[in-house]
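Subject: Structure handover

Hello,

Here is the structure I said I would pass on. Please look through it first, then read the notes below.

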Amino acid sequence: MGVYMSSNLTREYFETNYLWKRFVCRTSPPLWRNLEHLGFVRETLLKKNGFDMFISWKSELHLLFANPEEHGRVLKMLREKAVEDLNLINNNAKRCYELCDDYIKFCTRYDSYEGFNNLELRDIWTTYVDKNNGLVAYRPLILMLDKTNATFLEEELEKAGNLEFHFEWITTTRELPFVAQRNDALAIGNEIKALGLDLSSELPDSIEKKIDQHMAKYGWLFTHHFLGDPMTRDDIIASIKKMLDDFDPIKMEEKNKARIASLDKIKAINANIARYIETAQDYAYLRTYRIDIATEGDFYFRAFFNEVAKRMGITYDDFLNLNTDEISKWLEGSSDIQKLQEIIEKRKEYFVTYLVDDNKIYWFQGKENIIEEDVKERPDNLMLTGKVAQRGRVTGTVKVVQFKEQIDKVNDGDILVSSMTTPEMMVALMKCDGIVTDEGGVACHAAQISREFCIPCVIGTLEATALLKDGDTVEIIAEGMDGTVKLLP
């Protein structure tokens with residue numbers, strides 16, 4: 001595990017002596033950020049995935065930063081290893097699936113933790129942290145291997161000549177949870193429709209039972225990073241209405257057949273292209289699946305969090321402001337709850353952590369540690385470029401969505417702009433007419449969503465959330481491999 005450091009070093013020292021670039025913008029409480037850092041220390045990476053891919057990280061409540069030079073070095077190293085070993089990318093995918101299976105089994109082992117004493121809970125907590133480390137260690141690895149495979153594919157396509165190829169053809173051959181939820185909601189909706197009822201009617205018990213089962217199966221989909229409330233009946237009714245009003249399964253089936261036919265034609269060119277496309281399709285599933293498994297597992301493991309929080313005499317939300325070491329020490333009886341509550345209040349004001357020098361984790365908390373960031377100016381003729389995840393051309397009003405609290409401002413026809421999309425944004429994603437992201441590869445969540453709902457999407461613009469504002473009018477032109485997002489007067 002990482003070493004927690006306390007010293008006289010200031011935030012200015014870490015901002016001056018280390019290079020940082022924003023990597024992800026997501027609301028993540030201190031406990032999540034701490035687990036993330038523990039999975040990123042060099043010792044954990046070498047133990048869990050076997051690669052020396054340490055990168056310095058900085059994290060706050062809403063932002064995660066990485067050292068771009070170190071990130072580039074790791075990408076270069078993984079590419080070289082993948083060239084040497086053709087099975088490296090697929091073998092690591094298999095290993096990630098194994099870790100996912102193990103994680104969900106562990107997180108669902110117990111329905112209640114009331115019968116365990118504190119030391120037994122400490123042992124369960126230690127195991128959880130270790131298994132979580134394994135998944136976290138594979139988070140950047142799978143992302144980078146996906147990018148490596150995409151680069152190999154682009155190079156092979158370029159060698160083959162002037163081919164028509166679109167990344168939107170890269171769709172998973174397996175059903176992801178959000179697709180399964182959509183299809184199940186549509187089935188319930190069709191059954192209600194066949195009975196001659198509408199969604200505002202009193203529904204028969206048989207339908208209500210299916211809605212309850214739907215909530216139990218997919219409730220976790222609206223949660224993320226220990227946060228968020230599970231799916232409600234109102235959410236399901238809204239989802240059913242959206243499917244009945246806007247989703248055409250026959251049209252989607254025709255589109256999927258066209259994609260498969262296009263891919264089969266490209267695959268036939270040579271074995272290398274076929275291999276890279278098939279790997280890309282598997283990673284299109286794995287990129288989202290590994291996050292879904294972590295989200296679902298952590299949702300069920302909340303029973304543990306709630307039990308420990310109850311014994312501490314604090315709320316669940318306050319519990320999320322602790323770090324793994326503080327939780328372990330309290331369960332061992334070597335930590336004072338009053339001191340922990342003082343730390344919690346400070347972290348609720350503000351917190352930032354730095355992971356540097358292989359495994360040293362530095363914590364700063366309290367509003368006195370806030371450093372205001374410079375606001376980036378934008379040119380009048382702003383035009384962003386990125387990869388096309390789903391083709392199309394659309395003009396609309398920008399709504400920047402980084403956090404769950406911002407979802408409600410998205411209206412039908414808006415352009416959703418985000419660092420990267422997550423399952424908790426599904427309500428907004430089903431309303432928008434276009435998607436633009438800072439980050440993401442051809443198999444990211446935004447790419448998968450845009451293809452399933454045929455929403456024009458440009459990913460990897462790097463600066464969309466920094467330069468676009470709510471109320472801006474933009475035109476998305478996503479017609480080839482590369483797309484543009486143009487700010488209109």
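How many bridges join β8 to strand β9, and do they run parallel or antiparallel? The two are joined by 3 bridges and run parallel. β8 covers residues 392–400, and β9 covers residues 415–418.

Before the rest, some background. This is a predicted model, in which local features need pLDDT of at least 70 and side-chain atom pairs count only at pLDDT 80 or more, while totals for chains, interfaces and linings use all residues. Residues are numbered from 1 along each chain as its sequence is written, and side-chain values use heavy atoms, with hydrogens and water left out. Strands (E, at least two residues) and helices (H or I, at least four) are DSSP runs, numbered from the N terminus. Two strands pair if DSSP finds at least two bridges between them.

The barrel

β8 and β9 belong to a closed barrel of 7 strands, in the order β7-β11-β10-β9-β8-β12-β13, with mixed pairing. On average, neighbouring strands of this sheet are turned by 35 degrees against each other, direction ignored (axes are lines fitted to C-alpha atoms, for helices over the stretch in contact, and angles run from 0 to 180 degrees between N-to-C directions).

β12 (residues 473–478) is largely enclosed by the rest of the structure, because 5 of its 6 residues are buried (under 20% relative accessible area, with exposed over 50% and partly exposed in between; 1.4 Å probe, protein chains only). On one side, β12 runs antiparallel to β8, with 6 bridges. Valine 394 is partnered with isoleucine 476, and arginine 393 with isoleucine 477. β12 also pairs with β13 (residues 482–488) in the antiparallel sense, over 5 bridges. Threonine 473 stands opposite leucine 488 there, and 3 residues lie between the two strands of this hairpin.

β13 is joined in turn to β7 (residues 383–390) by 5 antiparallel bridges, with lysine 387 opposite aspartate 482. Helix α17 (residues 445–453) lies across β7, β10 and β11, at about 65 degrees to β7.

Helix α15

The 13 residues of α15 (residues 337–349) should span 18 Å, and the end C-alpha atoms are 19 Å apart, which agrees (the expected span is 1.5 Å times one less than the number of residues). Its buried residues are Leu340, Ile343, Ile344 and Arg347. They cover an arc of only 105 degrees around the axis, so they sit on the same side of α15 (the arc is that of the directions from the helix axis to the C-beta atoms).

Regards

Note on methods: Contact = heavy atoms within 4.5 Å.
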